[in-house]
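Please consult the sequence and the structure shown below alongside the text.

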Amino acid sequence: MGLWLRNALARQFSPRTRMKGDEYVAMGLIRIASGSEAEVSAIALGTNEYRVSITRRDRGSDATFAISCECLYYRQDFNPCKHLWGTLSIAEREGHLGTDGPMPRSTRLEFLIDDGDEFEERAPVRHPPLVDAGSRALD
């Protein structure tokens, strides 16, 4: 199985976040609770235990991945976090989220926040492009 999902979404995660997410996967700190072609729920262990949710929504030739994580890094500014990247990595490896072929031409993230009973869509906070990823703490 190719790395279609990670390749399609990699530019939406900082290099440091991807590296830390890969480390979490290697250490076994992220576990898929349930997964299918349409959605994945996971538990990520860190400072606390965080629920992670990713749902694939296809619209014509576009794919949107509605994402949510309980960690502070995600909730404060709606930044894609290491827990989400790690969950995407495992989902791809296990064949969830429709990863059996190339992603649609347009692939994007939709930022959600869990308000306790249901998810609400939120617009991400826009940050200026990073010139030097090492000069700013990303998570």
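Does E92 count as buried or exposed? At 2% relative accessibility, E92 counts as buried, where buried means under 20% relative accessible area, exposed means over 50%, and partly exposed lies in between (1.4 Å probe, protein chains only). This is a predicted model, in which local features need pLDDT of at least 70 and side-chain atom pairs count only at pLDDT 80 or more, while totals for chains, interfaces and linings use all residues. Residues are numbered from 1 along each chain as its sequence is written, and side-chain values use heavy atoms, with hydrogens and water left out.

**Strand pairing**

- Helices (H or I, at least four residues) and strands (E, at least two) are DSSP runs numbered from the N terminus, and two strands pair if DSSP finds at least two bridges between them.
- Strand 2 (residues 39-45) and strand 3 (residues 49-59) run antiparallel and are joined by 7 bridges.
- A hairpin through 3 residues connects strand 2 to strand 3, and L45 stands opposite E49 in strand 3.
- Strand 3 also runs antiparallel to strand 4 (residues 62-69), with 8 bridges joining the two.
- In the hairpin formed by strand 3 and strand 4, 2 residues lie between the strands, and G60 in the turn has a positive phi of about 65 degrees.
- Across this pairing, R56 stands opposite F65 in strand 4.

**Nonpolar core**

- A nonpolar core is a set of buried Ala, Val, Leu, Ile, Met, Phe, Trp, Tyr and Cys residues joined through side-chain atoms within 4.5 Å.
- The largest nonpolar core has 30 residues, of which F65, I67, C69, Y74, L84, L88 and L97 touch the most other members.
- At least two residues of this core come from each of helix 1 (4-9), helix 2 (15-26), strand 2, strand 3, strand 4, helix 4 (82-94) and strand 5 (106-114).
- Helix 4 gives the most to this core, supplying 5 residues.
- In soluble globular proteins, nonpolar side chains tend to be buried together.

- F78, a residue other than glycine, has a positive phi near 55 degrees.
- F78 is found in the loop between helix 3 (72-77) and helix 4.
- With 11% relative accessibility, F78 counts as buried.

**Salt bridges**

- The structure holds 5 salt bridges, each defined as a side-chain nitrogen of Lys or Arg within 4 Å of a carboxyl oxygen of Asp or Glu.
- One of them joins the side chains of R6 and E92 (3.9 Å, N to O).
- This pair links distant parts of the chain, with R6 in helix 1 and E92 in helix 4, 86 residues apart.
- The side chains of E70 and R51 also meet in a salt bridge (2.7 Å, N to O).
- E70 counts as partly exposed at 27% relative accessibility, and R51 is partly exposed with a relative accessible area of 43%.
- D58 forms a salt bridge with R56, and their closest N and O atoms are 2.9 Å apart.
- D58 counts as partly exposed at 47% relative accessibility, whereas R56 counts as buried at 14%.
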